[in-house]
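Dear colleague,

Please find the structure below, with the sequence alongside it. My notes on what was found follow directly after.

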Amino acid sequence: MEHQLFCCEVDTIRRAYHDANLLNDRVLQTMLKAEENYLPSPNYFKCVQKEIVPKMRKIVATWMLEVCEEQKCEEEVFPLAMNYLDRFLSVEHTKKTRLQLLGAACMFLASKMKETVPLTAEKLCIYTDNSIRPCELLQMELLVLNKLKWDLASVTPHDFIEHFLTKLPIHQSAKQILRKHAQTFVALCATDVNFIASPPSMIAAGSVAAAVQGLYLKGADSSLSSQNLTNYLSQVIRSDPDCLRSCQEQIESLLESSLRQAQQQSNSTESKRVEEDVDLSCTPTDVRDINI
Amino acid sequence: MCVLFPKNCHAVKTMSNVRLSNGSPTLERMDAARLSDQPKPSACRTLFGPVDHEELKRELTGHLKAMEEAAAESWGFDFSTHTPRPNARFLWKAVDSKDLPSFYSASEQPSKSLCAKVDVNGNCGLTEEREDKSEKQTDRTDKRKRPACIDSSCPSKRSRTCLDETPHTPKKCSPPRHT
């Protein structure tokens with residue numbers, strides 16, 4: 001027994017197993033109701049903010065995603081932090097120079113909500129190139145909490161993805177890759193201003209649908225055909241199929257444009273990035289499988 | 001309308017190469033990196049120019065003051081001096097901290113070294129071990145907190161215990177005791 005103890009002593013975290021009992025319709029319906037309470041105001045750039053424009057949200061979001069990835073945060077942390085950020089900006093006029101501090105505070109909170117070992121204030125400050133101090137981050141955290149009325153239990157698209165996956169007739173092995181793609185789409189949506197007003201269930205459904213299409217998944221029957229899937233998912237989230245279809249198309253075009261951007265970037269930057277890319281393409285990701 | 005993932009896309013790949021296993025979805029995300037690695041310089045950057053710390057301090061203090069005032073107003077209690085306000089909606093009464101659940105007086109933050117220990121040992125698969133640890137932990141915080149509360153005139157503790165006596169709140173909002 002003690003021997004075992006030594007063997008397992010690695011720096012991984014303990015996490016709870018997924019509770020299959022929570023993947024039922026009652027929970028789903030409750031989530032659909034609850035998500036309404038956590039939607040930011042769709043037009044805060046016009047109504048609340050004077051200095052902050054959509055482009056700046058993109059900049060801070062990209063940075064936040066980078067930090068979350070580098071720190072290997074749980075997938076949910078980034079979209080949750082963006083939800084806090086949008087909700088804060090919906091109610092509080094904020095200066096441009098405070099936006100990074102706000103982003104850091106939101107990651108700080110989201111990480112505490114979702115992770116066993118949360119990000120530290122010190123580390124987050126390092127990521128701002130020490131332009132903010134830990135004590136400022138703590139005060140900002142309090143301010144954010146106050147403006148969000150201490151209600152941090154936002155429903156995120158991730159909460160819905162699991163529900164959708166259990167409903168689809170897909171083999172377990174395909175589900176993993178599907179989940180991963182859908183989560184990638186969700187993160188992408190969180191960086192984009194056009195999805196601020198979309199409810200998490202819509203983003204999740206659009207992401208799952210886009211992932212199924214992108215992966216060319218085929219069910220035993222025709223239930224996974226584009227149209228059937230959209231119709232089905234829109235019923236599940238009690239939305240209009242056309243709405244969901246347009247959301248899915250928006251997600252797909254967002255992916256295309258960010259791929260194009262990333263390509264241009266990697267073309268313009270020098271060998272260092274290229275090396276990194278080569279490195280990455282050696283890792284056993286799904287990328288090639290999809291490129292059939 | 002199919003979506004392709006080209007090989008040489010950095011952004012998407014970093015996003016999509018993170019999670020493969022199903023049973024323990026994020027185990028591989030949470031390796032030693034969090035604890036040891038220094039952040040990559042490329043991600044450490046100032047986004048919107050230098051920050052004027054004096055100005056920021058003034059702003060934040062102003063905000064926190066306003067929050068405090070709002071809380072004092074709604075609770076009829078001055079949290080900075082720890083006294084009830086006159087003509088408040090609530091009747092405030094001091095309560096002995098011994099009569100309250102311990103979490104009202106426990107410290108919220110265990111020390112860092114303790115955190116790290118629990119985390120490392122938390123992986124060895126022995127729940128008893130962990131419970132033991134957490135018990136020790138609360139013990140320790142209790143020891144640290146209680147004397148402080150008794151021998152000094154520690155008013156902040158008092159104000160917390162006072163909060164227990166706010167029976168007529170119709171709303172379900174949590175008491176803004178941090179403000």
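Leaving aside neighbours within four places in sequence, which residues is A:Leu102 in contact with? The residues are A:Leu85, A:Phe88, A:Leu89, A:Met140 and A:Val144, where contact means heavy atoms within 4.5 Å.

Before the remaining findings, a note on conventions. This is a predicted model, in which local features need pLDDT of at least 70 and side-chain atom pairs count only at pLDDT 80 or more, while totals for chains, interfaces and linings use all residues; side-chain values use heavy atoms, with hydrogens and water left out. Residues are numbered from 1 along each chain as its sequence is written, and chains are lettered from A and ligands numbered from 1 in the order in which they are written.

Helices (H or I, at least four residues) and strands (E, at least two) are DSSP runs, numbered from the N terminus.

A:Leu254, in helix α13 of chain A, is buried at a relative accessible area of 7%. Beyond its neighbours within four places in sequence, A:Leu254 contacts A:Leu188, A:Cys189, A:Asp192 and A:Phe195. A:Asp192 lies 62 residues away along the chain, yet the two C-alpha atoms are separated by 8.2 Å.

Helix α12 of chain A

In α12 (residues 226–236), A:Leu229, A:Thr230, A:Leu233, A:Ser234 and A:Val236 are buried. They lie on the same side of α12(A), because they cover an arc of only 155 degrees around the axis, the arc being that of the directions from the helix axis to the C-beta atoms. On the other side, A:Gln227 and A:Gln235 are exposed. The cover over the buried residues includes α2 (25–34), α9 (157–167), α11 (200–214) and α13 (241–268) of chain A.

Chain B has six helices and two strands, in the order α-α-α-β-β-α-α-α. Of its 179 residues, 34% are buried. On the side of chain A, A:Arg98 sits in the loop between α5 and α6 and counts as buried at 5% relative accessibility. Not counting residues up to four places away in sequence, A:Arg98 touches B:Val51, B:Asp52, B:Glu55, B:Leu56 and B:Glu59.

Confidence

The pLDDT, the predictor's confidence in each residue from 0 to 100, averages 86 in chain A, and 86% of the residues score at least 70. Over residues 270–292 of chain A it is below 50, although this stretch has 41 contacts in the model beyond near neighbours in sequence. Where pLDDT is low, the predicted coordinates should not be read in detail.

With kind regards

Terms used
Buried < 20%, exposed > 50% of the residue type's maximum accessible area, 1.4 Å probe, protein only.
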